[in-house]
Amino acid sequence: MTPERIKLSVAEARDLAEGALRGAGYDADEARIIADHVIDAALCGYEYSGLAKILNLPESEHFKLPRRPMKVLRETDVSLAFDGGNNVGMLSLFHAAEAAIRKAAAHGIALVSVNDAWMSGRSAYYVEMIAKAGLVAIHTASSSRLVAPPGGAKAMLGTNPIAIAIPSSRGPIVLDMGTSSYMMTEVMLRERLGELLPEGVAIGPDGEPTRDPALARRGALLPFGGYKGFGLALMIQALGLLGSDAEQQSDYGYLFIAFRPDLLGPADVFNRRVTELIERIKATPRQAGIDEIRIPSERAFRSRERARREGLSIDRKVFDALVALRARAN
């Protein structure tokens, strides 16, 4: 371990995360929920969405505004629209995902929207949680304007991830992908650590390509895949308007769709056939130099199991900042 890295057990990382969140002003239950989210991201190998993400919370303009308890705006047997109360998304979406599980379990399908929430973290966290309940899950998240359309010199769309999780006999199959060529959370981590961005992922405020994270934050990220990523981001931004009212000005909007596979056929047959599909794909003849055909989230799940045994490593700058934030709780 280099002097610039700190090794922590999972228990130590969780204690540090919860302490830092208490220092930021969250109560014990809120700190536990948010900490579980960022620890899982770190376990899965996403350092920018791991413990470093806690440091982004107090820096957000939304954090400085008053927050309210979540409120139900509209409800039917199969739908629920929440006012997120300006709570961080890692809290409000956790409760929304739980509500989607309850409704889909009782009625077969659920549509749950959340507005007025921010910084929702990894979408995979929520859809995996829903799929573990035996449900198919689709989740979209529209966010603040960080991404320029193709040919544009100004941010007009969010990074707008989409996540899908499907139960199988081998556990949930999870896809989680942003529609930008780079995630803003990772831009912020690169800036914090004094590192450059890859080529071709951002433009500066003058509309010219940049690798400087600070200029990228003042400019815009680019969509992945040109018009394909842009088109997907546009549709997700539109879905984020579901559940909003005429007065709402926020670009943030979240949607969960969850349903029981047995609405369309025997659940055990579906699970088995999904497993057979995955096994068939993994048995694909490989090109020279390729050791394995990997499916979505397979790398992350392996990283999680390994990190549970071996612990986590974080940058010393991040560790020191979290320790300082934790000290505020004392």
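**View 1. Arg 304, an arginine tucked into the protein.** Arg 304 is buried, with a relative accessible area of 6%; buried here means under 20% relative accessible area, exposed over 50%, and partly exposed in between (1.4 Å probe, protein chains only). Arg 304 sits in helix α10. Leaving aside residues up to four places away in sequence, Arg 304 touches Asp 40, Leu 43, Cys 44 and Glu 128, where a contact means heavy atoms within 4.5 Å. Keep in mind that this is a predicted model: local features need pLDDT of at least 70, side-chain atom pairs count only at pLDDT 80 or more, and totals for chains, interfaces and linings use all residues. Residues are numbered from 1 along each chain as its sequence is written, and side-chain values use heavy atoms, with hydrogens and water left out.

View 2. Helices (H or I, at least four residues) and strands (E, at least two) are DSSP runs, numbered from the N terminus.

**View 3. Helix α1 and what packs over it.** Helix α1 covers residues 10–23, 14 residues in total, and reaches 20 Å from its first C-alpha to its last, close to the 20 Å expected at 1.5 Å a residue; that expected span is 1.5 Å times one less than the number of residues. Its buried residues are Val 10, Ala 13, Leu 16, Ala 17, Gly 19, Ala 20, Leu 21 and Gly 23. An α-helix has 3.6 residues a turn, so residues three or four places apart point the same way. The cover over the buried residues of α1 includes β1 (5–8), α2 (28–43), α3 (52–59), α10 (298–310), β11 (312–315) and α11 (316–327). After α1 comes Gly 25, with a positive phi near 115°.

**View 4. Stepping back to the whole protein.** The secondary structure comes to 11 helices and 11 strands. With 330 residues, a compact globule would have a radius of gyration near 20 Å, and the protein agrees at 20 Å; the radius is taken over C-alpha atoms, and the globule rule is 2.2 Å times the number of residues to the power 0.38. The C-alpha trace spans about 55 × 50 × 50 Å along its principal axes. Of the 330 residues, 48% count as buried.
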